[in-house]
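Let's take a walk through this structure, from its overall layout down to a few backbone details. Keep the model open alongside and follow along.

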Amino acid sequence: LPKSVGWIGLGLMGLPMAGNLLKKMSNDTQFYIYDVVPDAVKRLVEEGQGRVHACVSSREVTDKSDLVLSMVPEGSHVRAVYLTPEMGVLAGDVGSKVLIDCSTIDTGTSLAVRDACAEQHPRARFYDAPVSGGVLGADKATLTFMLGCAEDDANVSLLKQLLGMMGGNIFCCGGPALGLTAKLCNNYCSAMISIATSEAMNIGMASGMDPRVLANIFHTSTAQSAILDDWCPVPGLCPDAPSSKGYKGGFRIGLMRKDVGLAVDTAERVGVKLALGHEGLRVYDEASKDPKCEGLDSRVVYRYLGGKEN
Ligand code: NAD
């Protein structure tokens, strides 16, 4: 394992993920971290008691670390992190280092960064490794990682050992950007199930059914899903779900809008026909800008659809 780890992007996901590495890696491992918001790095620096060092750029992180991970919101941020002249990762001392991007972004950006890395630093390796499991999974180190490489890639054992400190399930998806493809397919499915569950519950409730009875029927029938079990869009049915806490926490609707958009773009690129995608994208697009839903957990799509909340 590397003796020094670089981490770029310490938001809702990045901070607990890096925190788990800090706890689980040996005490002599040093951490070099950077975020455009200087305050974002403070907590980890304090937690690190001398092992965590704040840097002023992605380049400084790269210069000082044996391996670099990043966790930022969108493709434009990933480009900024890796490709900014003078200050980006690729401007640094990359050599034969392993670079791992965990952000959920478009496959085109990820491949462009990979190509730039291969051209400028032929001995280095860049991997897409997006995650699912949310903030809770990041905190409890139970994330699922979708790795953009083949099972026989030269770095698989290192990647599994390192990412295994942040999550239990690590899948090699076959090749570059296929980790991202898997992640976008998952979120597309989960986004559409949230709409379908909200609509079906609304039909039953508006017809006079008790939502608890209806949800119990779904649980033992073909409408069962992880969304229904753990993330039910209807408030009060899952006490721990964001819907029962005013849709606070969870996965922001703006991020879900981004992921559905990326999945629809991918479908177009690979020539797959969609029955739900464009309409679903319109729903998430409008809901993410609606003042009563903006910034809240994506299952707030139930509220956007006029669902009853008491
Ligand atoms: P976030 O907005 O909370 O955190 C992102 C961090 O990146 C912020 O601190 C921001 O300041 C920093 N950042 C942005 N541009 C930067 C740059 N150029 N250099 C350095 N730092 C920069 O977002 P998040 O919820 O942590 O999500 C990060 C990624 O993880 C997204 O792609 C998201 O889709 C994905 N994801 C999120 C969840 C979730 O539940 N939140 C779950 C799975 C995957």
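This is a predicted model: local features need pLDDT of at least 70, side-chain atom pairs count only at pLDDT 80 or more; totals for chains, interfaces and linings use all residues.

Residue numbers run from 1 along each chain as its sequence is written.

How do the two domains sit relative to each other? Across the interface, 10 residues of domain 1 are in contact with 12 residues of domain 2, contact being C-beta atoms, placed from the backbone, that lie within 7 Å. The side of domain 1 that touches domain 2 is made of four nonpolar, four polar and two charged residues. For these classes, Ala, Val, Leu, Ile, Met, Phe, Trp, Tyr, Cys and Pro count as nonpolar, Asp, Glu, Lys and Arg as charged, and the others, Gly among them, as polar.

Now look at the ligand. It has 26 residues around it, and the closest are G9, G11, L12, M13 and T104; a residue is near a molecule if its C-beta atom, placed from the backbone, lies within 6 Å of it. Two or more residues of this shell come from each of α4, β7 (131-132) and α6 (134-140), and α4 gives the most, with three. Helices (H or I, at least four residues) and strands (E, at least two) are DSSP runs, numbered from the N terminus. By class, the shell around the ligand has 17 nonpolar residues, eight polar and one charged.

Next up is helix α8 (residues 178-206): its 29 residues reach 42 Å from first C-alpha to last, close to the 42 Å expected at 1.5 Å a residue. That expected span is 1.5 Å times one less than the number of residues. Just after α8, G208 takes a positive phi of about 110°.

Most residues other than glycine have a negative phi. Q49, though not a glycine, has a positive phi of about 40°; look for Q49 in the loop between α2 (42-48) and β3 (52-54). E86 also has a positive phi, near 70°, and is found in the loop between α4 (75-83) and β5 (98-101). Are these residues buried or exposed? Q49 is exposed, with 9 other C-beta atoms within 10 Å, and E86 is exposed with 8. The cut-offs are 20 or more other C-beta atoms within 10 Å for buried, 12 or fewer for exposed, and partly exposed in between, with C-beta atoms placed from the backbone.

Definitions and conventions. Two residues are in contact if their C-beta atoms, placed from the backbone, lie within 7 Å.
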